[in-house]
Amino acid sequence: MSPVYCYCHASEELAGSCPAGPEFEWEQVAGDLPLSRCPHCGGPVERMLSASSIRTRKFNCELRDLGFTKLVRVDDGLFENVTRRHGDEKYVDRRRPETFPDLKKTVAD
Ligand SMILES: [Zn+2]
């Protein structure tokens, strides 16, 4: 029995256009290296680890490198910027515009 692993696309753009969907299962044949490219669309993929916190961290830093900004709601009007770049606030408060990520800096990257 070969183990079956779950993979997810490293890019949300590809995840939306891939025929296999954002996540897919792949049988790991003995001796094969883990997939780094999606066999369906050729885009970069990550093997999903069972510890979801690890996967989220990796996934978020890839999002950031791709130029995405991802906010996770932690409380009413309060969001954690999980893709924050240097100088960005960790928490974005809807009522405090000074905590918003600096888009100018992101675009200039
Ligand atoms: Zn794909």
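**Close-up views of the predicted model**

**View 1. Order of the elements along the chain.** From the N terminus on, the elements of the protein follow the order β-α-β-β-α-β-β-β-α. The model shown is predicted. The protein contains three helices and six strands. Of its 109 residues, 9% count as buried. Among the contacts in the protein with a separation of 6 or more, 28% come from residues 24 or more positions apart.

**View 2. The surroundings of P22.** P22 sits in the loop that lies between helix 1 (12-17) and strand 2 (23-27). Within 10 Å of P22 there are 13 other C-beta atoms, and P22 is therefore partly exposed. When its neighbours within four places in sequence are left aside, P22 is in contact with C8, H9 and A15. S11 is 11 residues from P22 in sequence, and the C-alpha to C-alpha separation of the two in space is 9.0 Å.

**View 3. Strand 4 and its cover.** Strand 4 comprises residues 71-75. This strand is hardly covered, for the count of buried residues among its five residues is zero. In a regular strand, side chains alternate between the two faces of the sheet.

View 4. Strand 4 and strand 5 (residues 78-81) run antiparallel and are joined by four bridges.

How values were computed. Residues numbered from 1 in each chain as written. Predicted model: local features only at pLDDT ≥ 70, side-chain atom pairs only at ≥ 80, totals over all residues. Helix = DSSP H or I, 4+ residues; strand = E, 2+ residues; numbered from the N terminus. Buried ≥ 20, exposed ≤ 12 C-beta atoms within 10 Å, placed from the backbone. Contact = placed C-beta atoms within 7 Å. Pairing = 2+ DSSP bridges.
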